[in-house]
Amino acid sequence: MMLTLFSGMAVNVMAAESRPFYPGETLKYKLRWEFVAAGEATLKILPYKMVSGESACHFVMTAQTNAFVDAFYKVRDRIDAYADRGMTRSLLYRKNQKEGRHKRDITVRFDWQNRKAQYTNSGKAKPPVALMPGTFDPLSAFYFTRMADLRENAVIERPVTDGKKTITGKVRVLRRETITVTGGTFDTYLLEPDIEAVGGVFEKSRDARLHVWVTADHRRIPVRVKSKVAVGSFVGELVSVTEGQAPNSKHIEE
């Protein structure tokens with residue numbers, strides 16, 4: 001089993017055969033901007049893929065606003081994140097971001113031989129940044145968090161990079177609470193990731209805070225996400241779940 005930091009102590013992270021997620025998992029969300037229906041978002045796990053000669057997990061997040069919100073702040077985002085199949089580090093990160101007048105086509109390549117990450121935006125490169133052992137991109141880091149043994153008042157730490165800087169990312173488990181969303185009523189843990197230093201999905205405000213409610217069972221499914229962004233507060237609530245399948249012959253590399 002892998003180990004991570006949990007309130008300063010080493011604790012177990014689920015082994016591959018008992019993970020809370022597998023290829024085929026699809027989570028669909030309704031987005032709300034303040035009190036207005038704003039669009040939809042999806043989290044998917046695609047079949048394993050070969051990246052840089054390694055078998056990789058492939059995580060995809062998409063978000064788009066509806067016709068009403070498009071009129072003044074159109075969002076069309078897609079993130080593709082690839083982590084090694086053992087979930088020990090990231091291998092590749094791509095973000096195609098269209099939010100209002102902001103457009104980015106970002107790629108972050110992880111060079112583990114030289115311990116560097118290379119960021120490019122529309123082909124324009126920034127100086128590479130150093131990687132700490134076990135560094136994840138922002139999306140893969142979330143899936144890694146789902147593997148942790150969550151407890152109230154715990155802190156999960158892991159190196160994270162968006163290609164422009166590498167930090168020790170922290171996720172605080174604030175409390176356990178029961179919430180009701182479109183997809184049902186769930187016993188959850190409320191998580192607060194530290195997003196101040198790395199780029200997220202939406203253009204965020206300086207005083208942004210991100211809260212994520214995940215189920216308290218072994219699946220750790222995110223059922224509500226709330227983020228303060230440049231144009232107000234976005235809330236995503238779970239609508240439907242398609243379960244993934246444990247590794248077998250159907251989940252060979254593409």
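Predicted model: local features only at pLDDT ≥ 70, side-chain atom pairs only at ≥ 80, totals over all residues.
Colleague: Great. How many aromatic pairs does the structure hold?
Modeller: Eight. Rings of Phe, Tyr and Trp (its six-membered ring) pair if their centres lie within 6.5 Å; planes under 30 degrees apart count as stacked, over 60 as edge-to-face and the rest as tilted.

Colleague: How are Phe-59 and Tyr-143 arranged?
Modeller: Their ring centres are 4.0 Å apart and the planes are at 5 degrees, so this pair is stacked.

Colleague: And which parts of the chain does that pair tie together?
Modeller: Phe-59 is in strand S5 (residues 54–65) and Tyr-143 is in helix H2 (residues 138–146), so the pair ties together parts that are 84 residues apart in sequence. Helices (H or I, at least four residues) and strands (E, at least two) are DSSP runs, numbered from the N terminus.

Colleague: Are those two buried or exposed?
Modeller: Phe-59 and Tyr-143 are both buried. Buried means under 20% relative accessible area, exposed over 50%, and partly exposed in between (1.4 Å probe, protein chains only).

Colleague: What about Phe-136 and Phe-144?
Modeller: That pair is tilted, because the ring centres are 5.2 Å apart and the planes are at 35 degrees. Phe-136 is buried at a relative accessible area of 0%, and Phe-144 is buried at 2%. Phe-144 is in helix H2, and its C-alpha atom is 6.9 Å from that of Met-87, 57 residues apart along the chain.

Colleague: Which residues do ring pairs link into a cluster?
Modeller: Phe-21, Phe-59, Phe-142 and Tyr-143.

Colleague: H2 keeps coming up. How many of its residues are buried?
Modeller: Eight of the nine residues in H2 are buried, so to speak mostly covered. Among them are Leu-139, Ser-140, Phe-142 and Arg-146.

Colleague: What caps the N-terminal end of H2?
Modeller: Asp-137 does, with a side-chain oxygen 3.0 Å from the backbone nitrogen of Leu-139. For polar contacts, the pair of N or O atoms must be within 3.5 Å; within protein, one must be able to donate a hydrogen and the other to accept it, and residues adjacent in sequence count only if both atoms are side-chain atoms.

Colleague: Switching to charges: how many salt bridges turn up in the whole structure?
Modeller: Twelve. A salt bridge here is a side-chain nitrogen of Lys or Arg within 4 Å of a carboxyl oxygen of Asp or Glu.

Colleague: Which partner does Arg-146 have?
Modeller: Arg-146 forms a salt bridge with Glu-25, and the closest N and O atoms are 2.8 Å apart. Arg-146 lies in helix H2 and Glu-25 in the loop between strand S2 (9–13) and strand S3 (26–33), so the pair ties together parts that are 121 residues apart in sequence. Arg-146 counts as buried at 2% relative accessibility, and Glu-25 counts as buried at 2% too.

Colleague: Where does Arg-175 find its salt bridge?
Modeller: With Glu-177, where the closest N and O atoms are 2.7 Å apart. Arg-175 is partly exposed at 41%, and Glu-177 is partly exposed at 22%. Elsewhere, salt bridges that share partners join Glu-54, Asp-84 and Arg-89 into one network.

Colleague: Which ring does Arg-224 lie over?
Modeller: Arg-224 lies over the face of Trp-213, 5.2 Å from the ring centre. The rule is that NZ of Lys or CZ of Arg is within 6 Å of the ring centre and within 35 degrees of the ring normal. Arg-224 is in strand S16 (residues 222–229), is buried at 18%, and its side chain reaches the backbone oxygen of Thr-180 at 3.5 Å.

Colleague: Last one: which residues form the nonpolar patch on the surface?
Modeller: Val-36, Phe-68 and Phe-72, with about 280 Å² of accessible area together. Patches are made of residues with over 30% relative accessible area and no salt bridge, with like charges joined within 9 Å and nonpolar side chains (Val, Leu, Ile, Met, Phe, Trp, Tyr) within 5 Å. The areas come from the Shrake-Rupley method with a 1.4 Å probe, and for residues only the protein chains shown count as cover. Val-36 is in strand S4 (residues 36–51) and is partly exposed at 31%.

Conventions. Residues numbered from 1 in each chain as written. Heavy atoms only, no water.
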